[in-house]
Each structure stands twice: as structure tokens, then as C-alpha cells.
Amino acid sequence: MNEAGQMSGESLVAAAAPVRKQSSIRRLVIIYPQFLDPERKRQTIGGVQTYLADLAELAVGRFDEVCLAQSSTSRFEKEWGNYIVCGFPEATPASIVHQVGRQYGENCRIVFGSENFACRIPGPSVCIQHGVYWDIPHDLLETGIKRRLPRAALALCRQWQAVRRLQAQENIVCVDLNIINWIRGSKVLDHLNLTYIPNYSSFESTKSQIEDKLAFRSKASRIRVLYPRRFSPIRGTRLLPEIWGALRARQSNIELVIAGEGPDEGFLRKAFQGADDVEFLISASPAAMKEQYEQADIVLVPSIASEGTTLVCLEAMASGCAIVATNVGGIGNLILPGYNGVLTFPRVGEVVGALDRMVADRSLIGNYALRGREVYEHAYSKNRWASQWLKVLESL
């Protein structure tokens, strides 16, 4: 395996790829718009991409072949880990399904990685719903007609669009209870077969490792806060400088690590230019991120919209970090306020207050960290996620 994470002996095929209709071979095809970057050298950054990669690995051995199909400028196949990534030169999910049928025959089970890139098909399939995404504030939507519509009309339009997309599916895996309650309240999606499978963490620490970490970190001169997010306004990037500035005015024994990548990188670098208590970590590998969690005291999740059972919270819980998060989407399924972390509204003052209390009382950090690990182990472990998904895959 090379540095990009793919197996050697990759196979790139031209547009005139041979049709392989071997109906006796059971294949699982996971469809998502862009899993690999345009150069096909690395997996694109995002929680959904991590989720689908782990799902593909889980399915290996249960199916004769596992393929992750994406849109691309040209037809290709490439070995990636223990499965294959296939590129199809059409952007729509329907056209990918059609080409998958031509390429591999009819004996395919389909997993749509998101209802935003899915369609109605006659064969066995399941669609993954990653949480409410139509709660994005009006001023953060793209320019054009969506910005010119009245707020109420736009909200109704986005919810109607979500209903239409979900109506095209029969079997849906939901990652949080927030979306299940929304579907139940819609009163027009009663036909859907819903399965609740919350997210998980790809890495975890044992209780004894966390106890050792807490003992070591208790002697540190500074409390380390980790912001491990995609740099996007809906992930709280526009709140972060104000939050840190207000906290810095109250506490001096703190440091911030901003880890991730995304469109707001320039904004963040400008906002924190010259700050000696802020460090940037861009496009870190999974191993590097695991190390960051192991070194962090507090993980900050100041999202303002579009959250499921976010992987960041679960990774923090599994690694022995205290959590300050906003009560957005499915995050409320993970944090029991005052027990394994703190939930606030996405308001600067509330977030700063929660951080200030933790920094002032290190015992809170330890208590939240140990209880978070306990909640993760019993309700959100990767083994639990895998066993639930295997039942879904076996039913296809």
C-alpha cells in the first residue's frame, strides 16, 4: 500500500471498458458523487467518505465483489484497499445505476451513500440519510434565487425537496433520531422502512489509556482545545475567532489546534494571524488525527447547521476528550448535558461560558472524558455499528 492509501497494481481502464455481466457473482455497489479526488490519488475529506470507506471494507468477504461507484470525467476502475473504486462519466445517479447494470449485470445490491445522490430503482437497495441538512441559515445559502426567496418560502421549498428525495426510496438507514422524528412528523413518508444506525469512531482508547492521559494532561501548563472540522461556515468557522478571543480574555492557560481543510481556511488564517496560542493542522492523516485527539483536553464542536451523529463528537468520546458542542441536529443524541459533555445553543456567549467553566475546573474535563468513553462503549462503538450494518446488508 502506498502513501495515498491505495493498493499497488491499480487498474485504470479506458472508456471502452469491457462489459462483465457475471450474474452468479454477488456485488455490492456503493454510489456516491465523489469519493476519490479528481486525480484519483486520495480519498476526499469528509465524514460521509470515511463512513462509506468503512462500510465498503465491512462488506468485503460478505459479497464476491465490493465496488464504490462515483462520477468522473472518464471511465476508470481502481483498486483501493480491499475493494474497487469505479468512475462513470455521467453525473446523475440514474445514469450510474444504468452503467453499473451494463457493466456488472443484474445481480447487484445498491447502497446510495446519500439521498442527495440517489434514485428509485426496482432492485434491492438501501439509502443512507446522514441528518437534516435543510436547516442552513438563509444568509449562508448560495447566491441566486435561493437568496432572493423569502425565508419561510425557502424553508418550505427545501423541506419539500427533501421529501421528494426520500419518497424515491424504500429502505433508509438513518444516523440520528432527529431525522426519524422529522420523517414521522411529515405524515407523507409513512411507507419508508427506517433503520436507526448511529455513527461510530474509527479509533478508540481503552479506559486505562484515558486514565493515563488524564493524569498526564493534568500536569500540562496549558489546556489544549481541538477544533477538528471541515472549514465551513456551517461548522462554526465564523464563530470560532470570536469564541477564542472572548475565552482568551478570561483565560491565559489555553491553546487551540485547528485541524481540517475547507473553503474557510483563508478566513481562519487571517483571523488568527500572529496568534501564538493557535496552531493549524491541514489535511492530516487518520494517524495524525488520532494523535491530536489523544493530546487534546477539550474538543470544540460549534456547528450551526447540518449535523447528524457527528463523527467528531464520537471520536472525542472514544479518545477521552471533554466536549463542548452546540445542540444542532443529531449531536443531541450523543451528549447528555452535564454528564458526558456540554450542549449549548450556537451562540458565542454560551459556548465561551461552557469552555470557561471547564478551563477553570479541570475535574470537569476528567469527569466528562471518562463518562464519554463509557457512553461510547455501550452505545456507539464501531463493533455495534458493524453488527447493525451486517444485518442490513444480509437483508438485501
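Predicted model: local features only at pLDDT ≥ 70, side-chain atom pairs only at ≥ 80, totals over all residues.
Residues are numbered from 1 along each chain as its sequence is written, and side-chain values use heavy atoms, with hydrogens and water left out.

**Helix α2**

I looked up its limits: α2 covers residues 93-104. Helices (H or I, at least four residues) and strands (E, at least two) are DSSP runs, numbered from the N terminus. From first C-alpha to last, α2 reaches 16 Å, close to the 16 Å expected at 1.5 Å a residue. The expected span is 1.5 Å times one less than the number of residues.

I then listed the buried residues of α2: Pro93, Ser95, Ile96, Val97, Gln99, Val100, Gly101, Gln103 and Tyr104. Their cover includes β1, β2, β3, β4 and β5. Contact here means heavy atoms within 4.5 Å. Gly105 follows α2 and has a positive phi, near 95 degrees.

**Strand β5**

Next I checked β5, residues 108-112. Five of its five residues are buried. Cys108, Ile110 and Phe112 lie on one side, Arg109 and Val111 on the other. Both faces are covered.

I looked for its partners; two strands pair if DSSP finds at least two bridges between them. β1 and β5 run parallel, joined by five bridges. Ile30 stands opposite Val111 in β5. β5 and β6 also run parallel, with three bridges. Phe112 has Cys127 in β6 as its bridge partner.

**Cores**

Last, I looked up the nonpolar cores, sets of buried Ala, Val, Leu, Ile, Met, Phe, Trp, Tyr and Cys residues joined through side-chain atoms within 4.5 Å. The largest has 34 residues. Those with the most contacts inside it are Tyr51, Leu55, Tyr83, Val111, Trp385, Trp389 and Leu393. The elements giving two or more residues to this core include α1 (47-59), β1 (27-31) and α13 (382-395). α1 supplies the largest share, eight residues.

Leaving out residues up to four places away in sequence, Trp389 touches Tyr51, Leu55, Leu58, Val111, Val126, Ile128, Val173 and Ile197.

How values were computed: Buried < 20%, exposed > 50% of the residue type's maximum accessible area, 1.4 Å probe, protein only.
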